[in-house]
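Subject: Structure handover

Hello,

Here is the structure I said I would pass on. My notes on what was found in it follow below.

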Amino acid sequence: MGPLSAIYRVILSGRSFYYTHIHKPGRLPSKVISIGNITLGGTGKTPAVIAVAEHAKALGLSPCILTRGYKGKVKGPCFVSKRNRILLNAEEAGDEAFLMAEKLSGIPVVIGKDRYLAGRFALNKHNNKREEAECCNLFILDDGFQHIALHRDVDVLLIDATNPFSNERLFPEGRLREPLKAISRAHIIVLTKSDTAEKASIDYAMRIIKRHNPNALIYTASHKPTSLVNISGDAEDIETLQNKKVYVFTGIANPSYFKSILTSKGATVARFKKFRDHHKYSQREIDKIIRSADGMEIITTEKDLVKLKGMKNTEDIRALKIEFLIDEEFYTKLFEKVQASENK
């Protein structure tokens, strides 16, 4: 381990000691499901959060998303969406928070670096007890595996089956946010993108998981492309990509996976422009992309498309809509664990 990763590990250990022995994690009056990862980005977390929130609502619960609002100008705590209204744009809230607000009609999204304070804010900002109960009887903590300052009732850990733990080294030498032993905290583990992962990669991930958490429930999941959507939200059949040359640009953590999805649908990726994760686009960059495409169809991700709202010449740019697919048993066991935690 290099010196920078060693320093990072000491910081993690000190933080863990603080919340274990000195300052107990804050507890919200509602139950908390945390969905996160142990590596830096690329596990398909946002579609998973959206899917869990939708299932919670279908069960008659009133979920509320708590998220950091990464790269957003507004630091919070504040609502991104409330009562079917979106209150902040992608630049203010951050791309992922805004995307969740746009997709989750009737489910409030609250941003704040301190998720305990964000949860208290969500509860305290309702006008009466009835409204409070209708809104927040379940909090879903987005990207919360490392946010140990807030007590959670169920920890769901996502692991990218195509590249589970990179080189097994801590940041900044590797992609690990924590040592692998942190896997022991998870109640449920999901191997995402399993449909495109090699068997050797999945077997390797399973060995590491079993070594550190032999009792966790383990599921596999895939991310299915369902349609193409434009800036206005109009959808088009994904089969239109068949045998077409496309210009693709992304600002996500795992662009190669996105490219593989497009090619699996019959598209020929003639040009592929990669930006840093959470990149903020300028009008000049978008105009350059359009010129470079030279008449080819331009495809990006939903997370990138929401950042283009209000820009010019974006009508013909489309995003690939992705859904999180997993065995229904995952949701059954997840909400059983939430229910069981009420009895502890």
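To start with one pair of residues, Phe249 is buried, and Tyr281 is buried as well (buried means under 20% relative accessible area, exposed over 50% and partly exposed in between, with a 1.4 Å probe and protein chains only).

Before the rest, a word on the source. This is a predicted model, in which local features need pLDDT of at least 70 and side-chain atom pairs count only at pLDDT 80 or more, while totals for chains, interfaces and linings use all residues. Residues are numbered from 1 along each chain as its sequence is written, and side-chain values use heavy atoms, with hydrogens and water left out.

Aromatic pairs

A search of the whole structure finds eight aromatic pairs. Rings of Phe, Tyr and Trp (for Trp, the six-membered ring) pair if their centres lie within 6.5 Å; planes under 30 degrees apart count as stacked, over 60 as edge-to-face and the rest as tilted.

In one of these pairs, the rings of Tyr219 and Phe330 have their centres 5.8 Å apart and their planes at 75 degrees, so the pair is edge-to-face. Tyr219 lies in strand 9 (residues 217-230) and Phe330 in helix 11 (residues 328-341), so the pair ties together parts that are 111 residues apart in sequence. Helices (H or I, at least four residues) and strands (E, at least two) are DSSP runs, numbered from the N terminus. Both Tyr219 and Phe330 are buried.

Phe249 and Tyr281 also form an edge-to-face pair, at 5.4 Å centre to centre and with 80 degrees between the planes. That pair links distant parts of the chain, 32 residues apart: Phe249 is in strand 11 (residues 245-250), and Tyr281 is in the loop between strand 12 (268-274) and helix 9 (283-293). Ring pairs also link Tyr219, Phe330 and Tyr331 into a cluster.

Nonpolar cores

A nonpolar core is a set of buried Ala, Val, Leu, Ile, Met, Phe, Trp, Tyr and Cys residues joined through side-chain atoms within 4.5 Å. The largest one has 37 residues, and of these Val156 and Phe330 touch the most other members. Helix 2 supplies the largest share of this core, seven residues. Apart from it lies another core, of 22 residues, with Leu12, Ile159, Leu180 and Ile208 among them.

Leaving out residues up to four places away in sequence, Val156 touches Ile33, Ser34, Ile35, Gly36, Ile188, Val190, Phe330 and Leu334. Contact here means heavy atoms within 4.5 Å.

Helix 2 and helix 4

The axes of helix 2 (residues 45-58) and helix 4 (residues 95-103) come within 10 Å and cross at roughly 30 degrees. Axes are lines fitted to C-alpha atoms, for helices over the stretch in contact, and angles run from 0 to 180 degrees between N-to-C directions. From helix 2, Lys45, Thr46, Val49, Ile50 and Glu54 meet Glu96, Leu99, Met100 and Lys103 of helix 4. By class, this contact has four nonpolar, one polar and four charged residues (Ala, Val, Leu, Ile, Met, Phe, Trp, Tyr, Cys and Pro count as nonpolar, Asp, Glu, Lys and Arg as charged, and the others, Gly among them, as polar).

Helix 4 is mostly covered, with seven of its nine residues buried. They are Asp95, Glu96, Ala97, Phe98, Leu99, Met100 and Ala101.

Backbone points

Most residues other than glycine have a negative phi, and most peptide bonds are trans. A cis peptide bond joins Gly76 and Pro77, with omega about 5 degrees; Pro77 is in the loop between strand 2 (63-67) and strand 3 (78-82). Another cis peptide bond joins Phe171 and Pro172, with omega about 5 degrees, and Pro172 is in the loop between strand 7 (154-160) and strand 8 (188-192).

Arg83 has a positive phi, near 50 degrees, and is found in the loop between strand 3 and strand 4 (85-86). Ser166 also has a positive phi, near 55 degrees. Ser166 lies in the loop between strand 7 and strand 8 and is partly exposed, with a relative accessible area of 30%.

Ser227

Ser227 lies in strand 9 and is buried, with a relative accessible area of 11%. The C-alpha atoms of Ser227 and Leu320 are separated by 6.1 Å, although the two are 93 residues apart along the chain.

Regards
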